[in-house]
Amino acid sequence: MEKQKATRPKERRNGLQTEFGKIVKEKRLVLGLSQEKLAEIAGMHFTYVSSVERGERNISLVNIAKFAKALECSMKDFMPF
């Protein structure tokens, strides 16, 4: 028998993740930071920052706190509601 591959959904975004990502990107751009520089300051990989900005990550509270510190804002500033 042939082994079936596990499939991941093509669309990994939801509305809240997408809005969160937009806010992160806006704040990063206001500070004049590249994704690479933000990643360095926050202690993350730049591909992670990119995937967050695209709304592809269900980000943890710990990482929200890292973004807030790196972007000089409060965690609540990322919430779109």
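Start by selecting Arg-28 and Glu-53: Arg-28 is buried, and Glu-53 is buried too. Buried here means under 20% relative accessible area, exposed means over 50%, and partly exposed is in between (1.4 Å probe, protein chains only).

Before going on, a word on what you have loaded: this is a predicted model, where local features need pLDDT of at least 70 and side-chain atom pairs count only at pLDDT 80 or more, while totals for chains, interfaces and linings use all residues. Residues are numbered from 1 along each chain as its sequence is written, and side-chain values use heavy atoms, with hydrogens and water left out.

**Stop 1: the buried pair**

Keep Arg-28 and Glu-53 selected and show their side chains. They meet in a salt bridge, 2.5 Å from N to O. The rule for a salt bridge is a side-chain nitrogen of Lys or Arg within 4 Å of a carboxyl oxygen of Asp or Glu. Arg-28 sits in helix 1 (residues 15-30) and Glu-53 in helix 3, so the pair ties together parts that are 25 residues apart in sequence.

**Stop 2: zoom out**

Switch to cartoon. You'll see four helices and zero strands, running α-α-α-α from the N terminus. Helices (H or I, at least four residues) and strands (E, at least two) are DSSP runs, numbered from the N terminus. Colour by accessibility, and of the 81 residues, 35% count as buried.

**Stop 3: helix 2 against helix 3**

Now show the side chains where they touch. Helix 2 brings Gln-35, Glu-36, Leu-38 and Ala-39, while helix 3 brings Phe-46, Val-49, Ser-50 and Glu-53. Contact means heavy atoms within 4.5 Å.

**Stop 4: other salt bridges**

By the same rule the count comes to four salt bridges. For another one, select Lys-37 and Glu-40, whose closest N and O atoms are 3.3 Å apart. Being three residues apart in helix 2, Lys-37 and Glu-40 are separated by about one helical turn. Lys-37 counts as partly exposed at 37% relative accessibility, whereas Glu-40, at 56%, counts as exposed.

Then select Arg-54 and Glu-56, which form a salt bridge with the closest N and O atoms 2.8 Å apart. Arg-54 is partly exposed, with a relative accessible area of 37%.

**Stop 5: Val-24**

Go back to helix 1 and pick Val-24. At 0% relative accessibility, Val-24 counts as buried. Skip its neighbours within four places in sequence, and Val-24 is in contact with Leu-38, Val-52, Glu-53, Phe-67, Leu-71 and Phe-78.

**Stop 6: helix 4**

Finish with residues 61-70, which make up helix 4; Asn-63, Ile-64, Phe-67, Ala-68 and Ala-70 are buried there. What covers these buried residues includes helix 1, helix 2 and helix 3. Step just past the end of helix 4 to Glu-72, which takes a positive phi of about 55°.
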